[in-house]
Amino acid sequence: MKDHTVTGGGGVQLHVVETGNPRGRAILFIHGFSQCGLAWQRQLDSDLASAYRLVAMDLRGHGLSDKPHGGYAESKSWADDVDATIRTLGLVHPVLCGWSYGSLVILDYIRHYGEEAIGGVHLIGAITKLGTEQATSVLGADFLALVPGFFATQTEQSVRALEALLRMCFFRPPSSAELYPMLGYNLFVPPHVRQALFSRTLDNDDLLPKLRKPVLITHGARDEVVKPAAVEQHKAGIRHAQVHTMENAGHAPFWDDAPNFNRRFRAFCESL
């Protein structure tokens with residue numbers, strides 16, 4: 001595993017890890033809200049590494065990346081971070097693989113830089129809009145009830161909310177040895193960052209029909225964070241997208257059933 005430091009938008013220093021086959025097609029993994037690149041461990045440590053160059057970034061405000069007090073509101077900042085990672089590491093037509101909030105970051109990138117430099121897109125438990133009634137309609141009620149706790153500055157309240165979020169993400173509950181390191185990197189994200197992410201208002205309905213590169217949409221049938229009905233919204237905009245519904249998986253299908261997820265993702269990458 002190699003560690004990189006990439007200078008993103010506005011000079012923000014981004015932590016990026018890399019493993020796998022340096023001569024293989026690159027896959028850039030982009031995690032979700034309050035997570036980090038470690039969320040992709042079951043992909044980074046899988047047989048995908050024999051064929052693909054696997055790269056996972058910590059988004060600004062997350063993991064070992066810088067955590068400035070501002071710089072989260074503008075779509076261009078997130079787009080610049082992805083572009084800087086692709087250029088600095090010399091990723092040739094990578095597949096952008098985004099989980100949950102990471103899907104918004106992918107769309108930020110495409111809005112500002114287009115699709116020319118990428119090979120395809122994989123959206124997992126995805127949301128494509130934020131901050132409107134229509135955006136909220138695809139989010140689970142139990143998840144929405146946790147949101148105020150994400151912004152809490154009192155440690156105990158943050159711990160309760162983030163632990164509940166993590167437990168909600170999985171159909172197959174992780175062991176304590178798996179859960180508590182996840183909780184650690186969730187808590188490493190400052191409350192001001194979590195609040196800034198939720199303060200954005202986004203709608204990509206205009207962008208989705210313009211996508212031309214191959215797209216795979218993966219969603220857990222037991223997802224309690226983003227309702228499976230969201231897939232219908234995505235598919236209405238991206239008519240050529242392939243859809244993979246994973247029956248025994250929740251909001252983190254790449255963890256719940258990693259072998260199945262990895263097989264289908266490999267098949268998608270091989271088709272490009």
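**Helix packing and buried residues in the predicted model**

Leucine 166 sits in helix α6. The model described here is predicted. Because its relative accessibility is 1%, leucine 166 counts as buried; the cut-off for that label is under 20%. Beyond its neighbours up to four places away in sequence, leucine 166 touches Gln35, Leu179, Met182, Leu183 and Asn186.

Helix α6 covers residues 155-169, and helix α7 covers residues 176-187. The two pack at an angle of about 125°, and their axes are 10 Å apart. That angle makes α6 oblique to α7. Their crossing is right-handed. On the α6 side, the residues that meet α7 are Ser158, Val159, Leu162, Glu163, Leu165, Leu166 and Arg167. On the α7 side, they are Leu179, Tyr180, Met182, Leu183, Asn186 and Leu187. Spacing along a helix matters for reading such lists. An α-helix has 3.6 residues a turn, so residues three or four places apart point the same way.

Helix α6 also packs with α5. The axes of α5 and α6 come within 8 Å and cross at roughly 150°. The two helices are therefore roughly antiparallel to each other. Here the crossing is left-handed. From α5, the contact draws on Asp142, Phe143, Leu146, Gly149 and Phe150. From α6, it draws on Gln157, Ser158, Ala161, Leu162, Ala164, Leu165 and Met168. Ser158, Leu162 and Leu165 are among the α6 residues in this contact, and they are also among those that meet α7.

Setting aside residues up to four places away in sequence, glycine 149 touches Gln157, Ser158 and Ala161. A separate distance concerns serine 50. Glycine 149 and serine 50 are 99 residues apart along the chain, and their C-alpha atoms are separated by 41 Å.

Another helix pair involves α2. Helix α2 spans residues 75-88 and has 14 residues. At 1.5 Å a residue, α2 should span 20 Å; the end C-alpha atoms are 20 Å apart, which agrees. Eleven of the 14 residues of α2 are buried, so this helix is largely enclosed by the rest of the structure. The buried set comprises Ser75, Ser77, Trp78, Ala79, Asp80, Asp81, Val82, Asp83, Ala84, Thr85 and Ile86. After α2 comes glycine 90, with a positive phi near 65°.

The partner of α2 is helix α3, residues 101-113. Their axes are 8 Å apart, and the helices pack at an angle of about 85°. That makes α2 roughly perpendicular to α3. Ser75, Lys76, Trp78, Ala79, Asp80, Val82, Asp83 and Ile86 form the α2 side of the contact. Val105, Asp108, Tyr109, Arg111, His112 and Tyr113 form the α3 side.

Isoleucine 110 is also placed in α3. At 5% relative accessibility, isoleucine 110 counts as buried. Its contacts, leaving aside neighbours within four places in sequence, are Glu115, Ile118, Val121, Leu207 and Leu211. Tyrosine 180 is 70 residues apart from isoleucine 110 in sequence. Their C-alpha atoms are 34 Å apart in space.

Two further buried residues lie in other helices. Glutamine 43 is in helix α1, residues 41-44. With 0% relative accessibility, glutamine 43 counts as buried. The side chain of glutamine 43 reaches the backbone oxygen of phenylalanine 254 at 2.9 Å. Not counting residues up to four places away in sequence, glutamine 43 touches Phe29, Leu48, Leu54, Phe254, Ala258, Phe261 and Asn262.

Histidine 234 is in helix α9, residues 230-237. Its relative accessibility is 1%, so histidine 234 counts as buried. Apart from neighbours within four places in sequence, histidine 234 is in contact with Ala126, Ile127, Thr128, Leu208 and Ile217.

Methods
Residues are numbered from 1 along each chain as its sequence is written. This is a predicted model: local features need pLDDT of at least 70, side-chain atom pairs count only at pLDDT 80 or more; totals for chains, interfaces and linings use all residues. Side-chain values use heavy atoms; hydrogens and water are left out. Helices (H or I, at least four residues) and strands (E, at least two) are DSSP runs, numbered from the N terminus. The expected span of a helix is 1.5 Å times one less than its number of residues. Buried means under 20% relative accessible area, exposed over 50%, partly exposed in between (1.4 Å probe, protein chains only). A polar contact is a pair of N or O atoms within 3.5 Å; within protein, one must be able to donate a hydrogen and the other to accept it, and residues adjacent in sequence count only if both atoms are side-chain atoms. Contact means heavy atoms within 4.5 Å. Axes are lines fitted to C-alpha atoms, for helices over the stretch in contact, and angles run from 0 to 180 degrees between N-to-C directions. Angles under 35 degrees count as roughly parallel, over 145 as roughly antiparallel, 65 to 115 as roughly perpendicular and the rest as oblique. A crossing is left-handed if the near helix is turned anticlockwise from the far one by less than a right angle, and right-handed if clockwise.
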